[in-house]
Amino acid sequence: MLSIIKPLVVNVTILLSLTYNANLFFPFSRGKPFHLKQKLIYGVISSFASFLCMIYPIETLGETNFDLRMLVIIIATLYGGLIPGLICTVFTVFFRWFIIGGSFAPVGIIVCVLAFAVAILFRKVFIQATKKILYSFLILITYLTFYIIIIFYSIDFLDFHFYLIYFTSFIAAYFCLIVIIERMIVNNQHLEEAVYLDKLATVSQMAASFAHEVRNPITTVKGFIQFLGQDTKDEKLKQYYPLIIEELDRTNKIITDYLTLAKPKNFELEIVELTEILHNVVDLLKPLAAYQNVALTFTSKEQYHVYADKNHLKQSLLNLVKNGIESISNHGYVTIAVKEAKETVDIVIKDSGRGMTNDELEKIGLPYYTTKSRGTGLGSMISTRLIRDMGGTIHYESSLDSGTKVIVRLPFVSRK
């Protein structure tokens, strides 16, 4: 019995340690697309984990090679996707056939390919699921059913004690890895939020210290320019007068954004009707959309109630929809939809604009970052802060030349 338990303990230790190291290279996250470099590194790390498992197998079962390499393939495919899972599977199959070999090599290859097939089949549902443990249990039961049938009819000298010890270890290691990775994802999100809030606090302190002082002289300059421009005979002043006023107004708006970022005024949470706010947002932005040849649409037959500040929610949604319109150079669409979940309401804003690269996507909402030529990045940052203060979240999905989807998730109250 110890001869079976000891290599399995070594296998489990290998998997846990390499899972931690994989998180150090590229922290696990939810909802962010992987770069090709990340996928390749995850594939290499999982292949190395599979290799270590295969060189520490249960050695008292003849020419068989029982270890936990199939578990590596399942986890790598579920969380990494097609490329890491395929890299790990191809390496494992190659090593099992050409290096280890033996009369049971075909069986070993079949169960490895089966692990990859089951994981890739269920991956989409697993990634989108809110209850990961439930779906991971379904995946495990599906795989183990076929796995046990295959080895039961292919290998006739395995006794009950082997099945009990091996599959108990397999199941325990599987759920342990799922729980650890999910916990790492949550911790990584908390760390990202802490870093983001720290940057937000820095910008807020800066805004509070100099915004008022800068605003006063700008107001004075604007007043004098307007006074001089009324009756002037200077042709150059007449020519550049509108541009000067426009730039002063833009500067004043930037300062206002800083002040809003530092301390939103009159922030009061209450039950508000979401559909009405979205209709108001669409009505306000339809002229801008028409001017840029953008079709702006929103349809909803239901009334959704959320717990939020009405004015600040409206401001946030205006910023997000306006960003979508301005991302389209000529002809396109922006659609707004509302989806109800169990405890939240999702506002999905989708545009057909230029989209963003993975690097740009990761920086959205950071201080001073924008993809606009004349933007400041404060609009997205303010929207993110206001939504967070209302107990909601903002999630961006985008790829270059494929548009952008913004998902605003707010606490659901009721529906009438």
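Modeller: Let us begin with how residues are sorted: Ala, Val, Leu, Ile, Met, Phe, Trp, Tyr, Cys and Pro count as nonpolar, Asp, Glu, Lys and Arg as charged, and the others, Gly among them, as polar. This is a predicted model, in which local features need pLDDT of at least 70 and side-chain atom pairs count only at pLDDT 80 or more, while totals for chains, interfaces and linings use all residues. Residues are numbered from 1 along each chain as its sequence is written, and side-chain values use heavy atoms, with hydrogens and water left out.

Biologist: How many helices and strands are there in the protein chain?

Modeller: Helices (H or I, at least four residues) and strands (E, at least two) are DSSP runs, numbered from the N terminus. The protein chain holds 12 helices and 7 strands, and of its 416 residues 44% are buried, that is, under 20% relative accessible area with a 1.4 Å probe and protein chains only.

Biologist: How many cavities of 30 Å³ or more does a search of the whole structure find?

Modeller: A cavity is a set of points on a 1 Å grid over the protein atoms alone where a 1.4 Å probe fits but cannot get out, and lining residues have an atom within 4 Å of a point. Points are joined across faces, edges and corners, and a volume is the space filled by probe spheres set on them. The search of this whole structure finds 2 cavities of 30 Å³ or more, and the largest cavity holds about 260 Å³ of space. It is lined by 19 residues, of which Thr19, Ala22, Ser46, Ile75 and Ala76 are the closest to its centre.

Biologist: What is the volume of the second largest cavity?

Modeller: The second largest cavity has a volume of about 100 Å³, and among its 13 lining residues Asn65, Phe66, Arg69, Val107 and Gly108 lie nearest its centre. H3, helix H5 (105-128) and helix H6 (132-154) each supply at least two residues of this lining, and H5 provides the largest share, 3 residues. Sorted by type, the lining of the second largest cavity has 8 nonpolar, 3 polar and 2 charged residues.

How values were computed:
1 Å grid on protein atoms, 1.4 Å probe; cavity = no way out; pocket = protein on both sides within 12 Å on 5 of 7 lines; lining within 4 Å. Buried < 20%, exposed > 50% of the residue type's maximum accessible area, 1.4 Å probe, protein only.
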